[in-house]
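Dear colleague,

Please find the structure below, with its sequence; my notes on what was found in it follow directly after.

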Amino acid sequence: MPFLEIRDLHVTFPTPAGHVRASDGVDLEISEGDSLCLVGESGCGKTIVALAVMRLLPHSAIITGRIRFKGEDLLGLGESRMRRIRGREIAMIFEQPATCFNPVLTVGDQIVEAVRVHGERSRKAARERALELMSMVGIADPIKRYGQYPHEFSGGMIQRAMIAMALAFEPALLIADEPTTSLDVTVQAQIIELLADLKARLRTTLLLITHDLAVASTLCAQAAVMYAGGIVEKGATRRVFKSPRHPYTQALLAAASGDGSGVIRGSVPELTRLPEGCRFHPRCPRAQDICREAMPAIEDGVRCHLYQHSGVTA
Amino acid sequence: MREVGEAMGPIVQALKKNRLAVIGAGILSVLVFIAVFAPYLAPRDPVELNLAERLSSPSWDHLMGTDAVGRDTLSRIIYGTRVSLMIAVVVTMIEVLLGMIVGMTAGYLGKAVDEILMRIVDVLLAFPGIILALALVGMLGPSLTNLVIALAAVGWVRYARIVRGSILSVKEERFVESARAIGCGNLRIATRHILLNIVTPIIVLATLSMGTTIISIAALSFLGLGAQPPMAEWGNMLNEGKPFMEKAPHLMIFPGLMIMITVLAFNFLGDGLRDVMDPRLKEKVEV
Amino acid sequence: MTEDMVQFIARRLAISIVVMFGTVLLAFFLLSLAPGNAAENILRAERLNDPRLGEVEIFMEKHGLNNTMLKQLGQWFYMLGHGNLGTSFRTNEPVTEEFWARFPATFELAAASMVIACLIAIPIGVLSAVKRNSLLDHGSRIFALWGVSMPNFWMGLLLILIFGVKLGWLPTFGYGGMDHLVLPTVTLAIGMSAILIRLQRTSILEVLNANYVRTARAKGLSERVVIGKHAFRNTLIPMVTVIGIQFAHLLAGVVIVEQIFAWPGIGHFLVDSINAQDYPVVQGFVLMIALFFVICNLLVDVLYAYLDPRIRYERGR
């Protein structure tokens, strides 16, 4: 049984401009102890999937589908049960870590909060645990840092603090949303190393969300590529990145290699007006007639008519 | 000018959707109508005494009753609409004009002039508005003219700040630099940009401030420092009606009601305008 | 205290001093606006008939109204330096004494109103934001809109009519025990709470969108803690500063309410003095009120700097 299983997830937001289909039929599975990265450009809906798992989407969102965690359907759970899962069994770290801390409370205070929310601990024990966590993530001089405010932390340091906060209960599943994006390159490498190390030591299952393919390939064994709210290709990271099959993945990798070969004409569609058929077809260099009419099904890890056994040949 | 007109279209459209703003605009239209056509609408002369009928309750003859010297309250209310609206408009116009002059001077000339003018603004803001207006009218002598002077002298500061702020931000914008590099009439470009920038906040502020201005006019008249009897003004009428609270409460109720309705209407409209013109203040959908 | 904070306070202090100087000047020039002959008018009011020829001169000499503008300005600063704001034309008591004699009454009224307003407005504002578009929310927003549109002197009059005259439950004028405080306080508190409800609501709504609120939820905290500890705490700083400033405004705005309820405070005396053309009082009181205002604003600034850790503690220690 997969550890985390997302089936046919649809997330829609009603807005004055029309219905935004942020997530349009997403299927994903992660096994226990494994690591999956969800890659794609900004606005393709990756964060929405993560927020859906955590049930942190705004009330106006319309969510259908199934999200099974250790067999339980998270979407069907009551709020109080879900609250017990958040932070304890599933934890999430967000991008722009500096804004994720309350500016008027000390960092130590907020880490302790995470420690005390799910367990009965005295103040003293909670503080000890918080300091322990801060050392674990590599924050130097934790006692001094404990009493400081978020604005006194550097970018890398506050990211570490957020990781410490998330790992307070050694959650079974960690969701990391763009953990390296707002950091300097040297600090990025440190954070990646930290995450890899923690993952190995605590045997955490990791769902990584990023648009940085290098980070993805370093940390994750599995990969899923998203475009305009849907998954277009998935499989082992090594295979997907080395021999991409979907035209979008190919273009993405070519662009990432930096040799100027991956320019895709056109731009990402508005989520209120998605194209008919395959979402990528208006920009695809290998589009066929059928691509305009019908959305291909996922077969063998790729959603493209070119690879359908029943249809067009590559 | 054309751009302002073009910009107005979608604003009015968006405004129509805000029910409160529409109600506000509707009420205001009625009030303006009353003010303009007062002589035709008022059943009687507002200053005509009729001691025989003094302090009578609302009846078919006098829909809002009569006051202590027999004047018809309804007619006085109608003429009072004229006074309040007109004075409020005049005060606001002077405030905006003064504010623009000072703001532009401070903004364009900058440095020392700016510092001095802004310190003066700070000094004026150090006095709570109504107190300074009170004192000014007190010193100048109670009359409607002095009321206008006092209120305008206190209220222009807010507009000056907006205008100056807009000029300062335009000064820093790159396109003015680049336009200057090409040698365009940078003054003209900058001025046009500035004017377009300040029109919106000034309109919003003016509408929202109308309510406060009307209350101030009524308050000062209530204290005997504004409109003088026998002029019919809502604040005045409240003051005159005060001693007869027990016997003739209607004298106190109707003028106050009118003040409240007028201010409500301006606030509805002003809130709506602000929501439409400053969408940053509206809530966003999280995606 | 950090460099930043010291600099911040020093700057605000410097500006305040300049502003106070300006208000002193302004208060002085206020007097020069008085038309006609103040001396004549006052003497006429006192004697109930036209003053005799020499009397006006004597009066003017006595109050120094004969000197040149510059000399009078000098006298004014001299007086101020000695804490002397002149003498009331009417009562012949020093203006400062008249001021301080009445200050407690005004302060009591303003403080009571502010406390009541906060007690009402803060919880309602928070709940209104949290349960957006609920009945409570719509109700409180209507109340708030009505509250700021309602002229407070009319409110006072209506309250007197209903509770004093018709129902006879509460006394309608004068100073005395608790029950004398009720009606004027309610009058002021309604307007103030309307402002505060709107502000609290908007502040919470803004904060609810913040990343740290989402993170707090992600940690599994209950909604009550998320709102109470994280969201609300962050609205405290802007709320406290606005409350401070509004309090200063309130102290001045009680003027009309004091008049209606015959409350023996500063405002009442000021209005009476204006009507009686007692210029030293008008000038002195206006200056005192302005000074109080400036000091209040300065205190609020300092409080703000103290409460916000971002200003209190420097970056990147």
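**Domains and overall form of chain A**

Chain A is divided into domain 1 (4-89 + 171-307) and domain 2 (96-170), the bounds coming from an automatic or database domain assignment. Please bear in mind that this is a predicted model, in which local features need pLDDT of at least 70 and side-chain atom pairs count only at pLDDT 80 or more, while totals for chains, interfaces and linings use all residues. Residues are numbered from 1 along each chain as its sequence is written, and chains are lettered from A and ligands numbered from 1 in the order in which they are written.

The centres of the two domains of chain A, taken over C-alpha atoms, are separated by 29 Å. To their contact domain 1 of chain A brings 14 residues and domain 2 of chain A brings 15 residues, where two residues are in contact if their C-beta atoms, placed from the backbone, lie within 7 Å. On the domain 1 side, helix H7 (residues 185-202) of chain A gives the most, with six residues, and that side is made up of nine nonpolar, three polar and two charged residues. Here Ala, Val, Leu, Ile, Met, Phe, Trp, Tyr, Cys and Pro count as nonpolar, Asp, Glu, Lys and Arg as charged, and the others, Gly among them, as polar.

Chain A has 11 helices and 10 strands, which are DSSP runs numbered from the N terminus (helices: H or I, at least four residues; strands: E, at least two). The radius of gyration of chain A, 20 Å, is close to the 20 Å that the globule rule gives for 314 residues, so the chain is as compact as a globular protein of that length; the radius is taken over C-alpha atoms, and the rule is 2.2 Å times the number of residues to the power 0.38. Of those 314 residues, 45% count as buried, that is, 20 or more other C-beta atoms lie within 10 Å of their own, with C-beta atoms placed from the backbone (exposed: 12 or fewer; partly exposed: in between).

**A covered strand and its neighbours**

Strand S7 (residues 173-177) of chain A is mostly covered, five of its five residues being buried. A:Leu173, A:Ile175 and A:Asp177 point one way from S7(A), whereas A:Leu174 and A:Ala176 point the other way. Strand S6 (residues 90-93) of chain A pairs with S7(A) in the parallel sense over four bridges, pairing being taken to need at least two DSSP bridges between the strands, and A:Ile90 stands opposite A:Leu173. S7(A) also pairs in the parallel sense with strand S8 (residues 205-210) of chain A, over five bridges, and there the bridge partner of A:Asp177 is A:Ile209.

**An open sheet and a buried helix**

An open sheet of four strands in chain A, with antiparallel pairing, has the order S2-S1-S4-S5. Strand S2 (18-30) and strand S5 (72-73) of chain A each have a single partner strand, so one side of each is left without a neighbour in the sheet. Helix H1 (residues 46-54) of chain A has eight of its nine residues buried, so it is largely enclosed by the rest of the structure; just after H1(A), A:Arg55 takes a positive phi of about 55 degrees.

**Chains C and B**

The contact between these chains takes 39 residues from chain C and 36 residues from chain B. On the chain C side the largest share, eight residues, comes from H1(C), and the residues of that side divide into 31 nonpolar, eight polar and no charged.

With best regards
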